[in-house]
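Visitor: I have a model open and would like to learn how to read it. Where do we start?

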Amino acid sequence: MNYLINLIAIFIISLNVNANENKISEILFKINNNFYTNVDLENRIVYVRYINNFSKDINQKENKEIFDDYISSLIFYEYYKQNKIIYKNLDDEIKSIYNKKIIGKKQLNDEEIKNFKFNIKTDLIRNKIIE
């Protein structure tokens, strides 16, 4: 009987440890049937910190500003997609910015590279549309 109780206790503890390691995705907002979660926002924060060479933790006010900036860039990106706007050399500009700001500073995995390039693209498109 003690063996069974110990086995159940170990099983429950291991479930709790594994559950805490997983990130919980929470939908923050939706633009044109595209859902954006807190994980997407965290990726944006990592991107902004890296591009701007922030070494300190981001406070609540800066976090709100990044959130607003992220929504703004995504609205312009959706406008770009919806209106099928074509910019010549957009991919070349993204690669150029990526090479100047990111390459060589840190080892990134494929997911981080994809995230950084997407954020560069949304920022670049927003700037082009505003101009």
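Visitor: What is the mean pLDDT of the chain?

Guide: This is a predicted model, so confidence comes before geometry. pLDDT is the predictor's confidence in each residue, from 0 to 100. Here the chain has a mean of 83, and 80% of its residues reach 70 or more.

Visitor: Which elements have the lowest and the highest mean pLDDT?

Guide: Helix H1, residues 2-21, is the lowest, with a mean of 57. H5 is the highest, at 93. Look also at residues 17-21, where pLDDT stays under 50. The model gives that stretch zero contacts beyond four places in sequence. Where pLDDT is low, the predicted coordinates should not be read in detail.

Visitor: Next, the fold. In what order do the elements run?

Guide: Read the elements from the N terminus: α-β-β-α-α-α-α. That makes five helices and two strands. Then check the contacts with a separation of 6 or more: residues 24 or more positions apart account for 63% of them. Of the 131 residues, 25% count as buried.

Visitor: What do the buried residues of H5 pack against?

Guide: They pack against H2, helix H3 (60-82) and helix H4 (90-101). The buried set includes Phe116, Ile120, Leu124 and Ile125.

Visitor: Take Asp123 in helix H5. Is Asp123 buried or exposed?

Guide: The cut-off for buried is under 20% relative accessible area. Asp123 has 14%, so it is buried. Leaving out residues up to four places away in sequence, Asp123 touches Arg44, Tyr47 and Ser73.

Visitor: Last, the largest pocket. Which residues line it?

Guide: The space in the largest pocket is about 210 Å³. Its lining is Tyr36, Asp40, Asn43, Tyr70, Glu111, Lys114, Asn115, Phe118 and Asn119. By class, three are nonpolar, three polar and three charged.

Visitor: Which helix gives the largest share of that lining?

Guide: H5 does, with five residues. Helix H2 (38-51) and helix H5 (110-130) each supply at least two.

Note on methods: Residues are numbered from 1 along each chain as its sequence is written. This is a predicted model: local features need pLDDT of at least 70, side-chain atom pairs count only at pLDDT 80 or more; totals for chains, interfaces and linings use all residues. Side-chain values use heavy atoms; hydrogens and water are left out. On a 1 Å grid over the protein atoms alone, a cavity is a set of points where a 1.4 Å probe fits but cannot get out, and a pocket is an open set with protein on both sides within 12 Å along at least five of seven lines; lining residues have an atom within 4 Å of a point. Grid points are joined across faces, edges and corners, and a volume is the space filled by probe spheres set on the points. Helices (H or I, at least four residues) and strands (E, at least two) are DSSP runs, numbered from the N terminus. Ala, Val, Leu, Ile, Met, Phe, Trp, Tyr, Cys and Pro count as nonpolar, Asp, Glu, Lys and Arg as charged, and the others, Gly among them, as polar. Contact means heavy atoms within 4.5 Å. Buried means under 20% relative accessible area, exposed over 50%, partly exposed in between (1.4 Å probe, protein chains only).
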